[in-house]
Amino acid sequence: MNFFKRATTSIVRRPGKTVILLLLVFILGTVIAGAISVEGAISNTDANLRRNMQPIVSIEMNHQDWANTLEGEYFDWITTFPPHPPALTVDHVRAIGALDYVGFYDYIIEGWLQSFDLSPYTADGRTGFGGMDGEPRSFTLRGTSTHELVQVEQGIMEVVQGRQFEESELVAGGDRSAIIVSEAFANYNNLALHSTITLYHFVMFPDEDGELWGWGTDWWADDNIYARVGMEFEIIGFYDIPLGPDVDENHQDYWDRVTHVSSTMYVPNWAIEDVDARREAALGSVWDAVDVEQPEWMTHGPEEAPERSVTPLFRLEDPTYLDDFRAAATPLLPDHHMLVDLSSTFDGISSSMATLQTISDWILYVSIGATLLILSLLITLFLRDRRYEMGVYLALGEKKGKIITQILMEVLVTSVVAITLSVFVGHLLSSQMSRAMLINQLQAEQSDDHWNRDWTIFDQIGIPTNQMSVDEMIDAFEVSLGIETVGLFYIIGLGAVVLSTLVPVVYVVTLNPKKVLM
């Protein structure tokens with residue numbers, strides 16, 4: 001009888017021991033399968049979140065890193081001007097935008113201008129918002145270097161009338177610029193397409209203390225205004241912010257997106273740079289027109305003025321390119337800068353999944369260790385009862401390698417059946433338990449108010465980073481029984497079973513048939 005037939009006969013004729021081994025491998029396999037299933041779920045969920053994430057990346061100053069650099073070197077910031085941090089320039093943006101991972105990029109220069117004649121649109125119609133009566137209202141201008149706004153391309157806003165910028169309008173020149181405003185703002189101020197508006201920087205005469213800024217209607221009297229530095233803008237398009245059917249008009253996000261965003265205007269970058277340059281010139285010349293001495297703090301500073309910093313936006317070809325893009329773009333950044341993306345929208349589930357990952361890792365390691373220990377002891381005990389059988393095989397000249405193979409086959413045949421059953425049971429149990437644990441973790445974090453977020457660079461340039469709800473996060477959590485998950489489970493499960501037979505194999509190798517049969 002060959003070793004294969006002996007193995008199958010042994011399994012059939014020892015049903016008690018076979019069932020014990022089957023149940024033990026099934027229980028341990030179920031635990032291992034559950035842990036591996038959770039690992040796969042975390043990987044699937046991360047992939048789902050990345051696929052649904054807007055593939056937009058920007059760059060911002062790493063203020064903590066810059067502060068650490070200055071610590072101890074410029075202690076007295078009142079009398080000593082620290083050096084300017086390295087600026088992120090257009091050259092940096094173009095170098096990063098040339099990477100293969102980038103499908104589209106833009107750089108944004110922000111500014112603000114004022115008007116006595118126009119009023120910002122607000123969701124509740126407060127006409128005084130942005131300034132008291134008799135004071136100019138301030139408006140945010142967001143520059144662009146491209147004829148296709150990222151906000152429009154990503155569906156964050158839509159041009160409902162008119163058009164976007166043409167290439168010729170993005171090139172500096174003339175004393176008039178094109179502008180795109182919100183439809184709500186235009187209706188509120190009775191503006192139509194191709195209407196012209198004029199926005200200003202008001203440079204004031206300094207008061208007796210050398211202050212160039214003040215409050216109150218009297219401050220804005222015509223006699224106090226030294227220069228009106230402005231530009232005429234022609235409205236070429238109206239945009240709107242699609243809010244969706246589920247938006248709560250009483251929620252803060254509604255106010256942020258309607259009240260603030262609707263009064264944001266989009267212009268070519270050159271228009272903001274041109275007005276700001278003329279404003280700086282006026283601020284420098286105003287002191288020649290008055291007898292007031294310029295304050296010392298305005299005349300002493302760093303030897304070299306910093307380059308104008310820009311805010312870039314990179315739209316990746318695919319959200320899954322994020323890690324590769326980060327690795328390629330980081331060396332191209334100026335010092336003390338870092339890449340930022342919209343992954344903060346699912347910070348809540350990321351931290352919860354990290355906790356779940358730690359738990360599943362420990363369960364996996366402990367269950368593998370328990371499998372190795374328990375099966376090694378069990379198989380050794382089973383083989384001790386078969387010492388006489390093994391001694392007979394050896395006495396008849398059977399090679400030890402075939403006896404070892406027989407033992408492996410007996411264990412593996414039973415283990416394959418047990419593992420096949422446990423993979424489905426473990427997956428089902430882990431799906432229910434991990435989902436329940438994740439829901440509890442997310443609800444606990446939400447109730448502890450851990451989701452309060454800071455105002456990000458994306459909020460500042462009109463790209464909302466609203467946190468996902470618990471339901472949205474749970475919908476992204478996918479516990480699937482894919483081929484990779486099943487394959488990994490069989491590799492780990494059968495690997496643990498094979499390793500568990502090493503101690504019994506040593507026992508068989510050391511058997512002396514003469515002593516066994518005497």
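Reader: Which backbone oxygen does the side chain of His201 reach?

Author: The one of Trp112, at 3.3 Å. That's a polar contact: N or O atoms within 3.5 Å, where within protein one must be able to donate a hydrogen and the other to accept it, and residues adjacent in sequence count only if both atoms are side-chain atoms. This is a predicted model, in which local features need pLDDT of at least 70 and side-chain atom pairs count only at pLDDT 80 or more, while totals for chains, interfaces and linings use all residues. Numbering runs from 1 along each chain as its sequence is written, and side-chain values use heavy atoms, leaving out hydrogens and water.

Reader: Ok, and is His201 buried or exposed?

Author: Buried, with a relative accessible area of 3%. Buried means under 20%, exposed over 50%, and partly exposed in between (1.4 Å probe, protein chains only).

Reader: Which strand is His201 in?

Author: E7, residues 196–204. Strands (E) are DSSP runs of at least two residues, helices (H or I) of at least four, numbered from the N terminus.

Reader: New topic: how many salt bridges does the structure hold?

Author: Nine. Each is a side-chain nitrogen of Lys or Arg within 4 Å of a carboxyl oxygen of Asp or Glu. One of them pairs Glu110 with Arg142, with the closest N and O atoms 2.7 Å apart.

Reader: Where do Glu110 and Arg142 sit in the chain?

Author: Glu110 is in strand E3 (residues 110–115) and Arg142 in strand E4 (residues 137–144), so this pair, 32 residues apart, links distant parts of the chain. Glu110 is partly exposed at 32% relative accessible area, whereas Arg142 is buried at 2%.
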